[in-house]
Amino acid sequence: MQKIKDYVEANKDRFLEELFELLRFPSVSADPQFKEGVLNTAEFVAQKLKDAGADNVEICPTAGYPIVYGEKIFDPSLPTVLVYGHYDVQPADPIELWETPPFEPTVRDGKIYARGSADDKGQFYMHVKAFEYMVKNNELACNIKFMIEGEEEVGSANLGIFVAANKERLKADVIVISDTSMISLENPSLETGLRGLSYVEVEVTGPNRDLHSGVYGGAVANPATILAKMIASLHDENNHITIPGFYDDVIELTDAERKALNEAPFDIETYEEDLGVKELWGEEGYSTIERTGIRPTLEVNGIWGGYIGEGAKTVLPSKAFAKISMRLVPNQNSERITKLFKDHFEAIAPKSVKVEVKPHHGGEPVVTPTDSIAYKAAEKALEETFNKKPIPTRGGGSIPIVALFEKELGIKTVLLGFGLDSDNLHSPNEKYGIENYLKGIETIPLFHKYYAELSK
């Protein structure tokens, strides 16, 4: 352990500068104007894998953005760990809400502020630097494969095709993903499950053109008003989702399971203060930890229509739009939920408007076993690094490819995340703690060590 700490301390400045360089690439996969930035990021990642000691490094083309692959197979008799990460990032909008430029990493109060710092550049790059340590110090305990993709933030549309076509190449004993969070540095945790996702866009059309709100207002249905009413109807007075059949497949946890989940440290006042809200909101009958981990949700991610420029324009818009995501829990199916939403949303539309529901992407919920060798190895590694046994938790986010890997490769995943829920993922002023980054580099070699030992 001390040898790892000494190496990290000696190379800390370089590790940070390399991460800053990675963060400067505007690798926004959702926006075509950043295509060059995404491709340049792939080149950078490939070079850093080579520099760290990986063999057979390749930038693998797909119908979208490429997947960076690299490996180090030094003893086929030993276990093989497949590391997954993604080098693409969310759009930085709204830019004006960033305190410092999103693609110019800035350190404030021990945290790195930049788009992608925690999701997922800072987290996957820990594995590259941990790998460098293991190679240079002859401490490789497992064979390692890296698969770093560039389309996670837009649904990983081409990853499944790549995985299906490269099953032999990707053959491994376990997958490790650092794209999740822990409770805190004082209370390390391991996520044992992730919610699935159904993402749709809705379009409501009224008149065949924008109208003068004085001449036509009161006589013609306003699509923006109708959309707002339709969205509001998706939750009842107990904040329960009203789509028929939505909860049919939800597996309810036992009282004992719920009690264990709620033993994780959680302070409501601190939570509210961090978010700047005076009161929390959610499904009646469940705690905040349960609402964000074991219960399905429906959220509006964006809503627009009509005139939104400077000043005033008295218009009754022809169209209104919204993007809506539903987080799913084990046993729910994303395709079924998408169909239930589409059927319901179209059914509740009044005759005064036309409604179109466009599915975007989805993913399945997963639960990872806590009695596996991989989980126990991660648990031992974290306990040694943090001097405290990690708490098992359920993650509220979605990583759809976890279910994909299990289906296509037959491999379970360990979610070895070092971010925090307060890192402003997908928001302005995203950040990642320097200590979290360095702790991750210290912990990852220990995971490989214990995984190899426990696999004997």
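Phe44 is placed in helix H2, which spans residues 35-52; helices (H or I, at least four residues) and strands (E, at least two) are DSSP runs, numbered from the N terminus. With a relative accessible area of 8%, Phe44 is buried, where buried means under 20% relative accessible area, exposed over 50%, and partly exposed in between (1.4 Å probe, protein chains only). Residues up to four places away in sequence being left out, Phe44 touches Glu18, Glu21, Leu22 and Phe25, contact being defined as heavy atoms within 4.5 Å. The C-alpha atom of Phe44 is separated by 24 Å from that of Asn137, a residue 93 positions apart from Phe44 along the chain.

The model is predicted: local features need pLDDT of at least 70 and side-chain atom pairs count only at pLDDT 80 or more, while totals for chains, interfaces and linings use all residues. Residues are numbered from 1 along each chain as its sequence is written, and side-chain values use heavy atoms, with hydrogens and water left out.

Two packed helices are described by the angle between their axes and the distance between the axes. For helix H1 (residues 2-23) and helix H13 (residues 434-454), the axes come within 10 Å and cross at roughly 130 degrees. Axes are lines fitted to C-alpha atoms, for helices over the stretch in contact, and angles run from 0 to 180 degrees between N-to-C directions. The crossing of H1 and H13 is right-handed; a crossing is left-handed if the near helix is turned anticlockwise from the far one by less than a right angle, and right-handed if clockwise. On the H1 side, the contact involves Ile4, Lys5, Val8, Lys12, Phe15, Leu16 and Leu19. These meet Ile434, Tyr437, Leu438, Lys439, Ile441, Glu442, Pro445 and Leu446 in H13. The residues of the contact of H1 with H13 comprise 11 nonpolar, no polar and 4 charged. In this division, Ala, Val, Leu, Ile, Met, Phe, Trp, Tyr, Cys and Pro count as nonpolar, Asp, Glu, Lys and Arg as charged, and the others, Gly among them, as polar.

Most residues other than glycine have a negative phi, and most peptide bonds are trans. The peptide bond from Asp93 to Pro94 is cis, with omega near -5 degrees, and Pro94 is found in the loop between strand S3 (80-86) and strand S4 (106-108). A cis peptide bond also runs from Asp119 to Asp120, with omega near 5 degrees; Asp120 belongs to the loop between strand S5 (111-113) and helix H3 (121-136).

Asn239, although not a glycine, has a positive phi of about 60 degrees. The loop between H6 and helix H7 (255-261) holds Asn239, which counts as buried at 15% relative accessibility. Asn429 likewise has a positive phi, near 60 degrees, and lies in the loop between strand S20 (419-420) and strand S21 (431-433). The relative accessible area of Asn429 is 12%, so Asn429 is buried.

Ala221 is found in the loop between helix H5 (213-216) and helix H6 (223-232). Beyond its neighbours within four places in sequence, Ala221 is in contact with Pro207, Ile226, Leu316, Ser352 and Val353.

The structure holds 0 disulfides, a disulfide being a pair of cysteine sulfur atoms within 2.5 Å. Cys60 is buried, at a relative accessible area of 3%, and Cys142 is buried at 1%.
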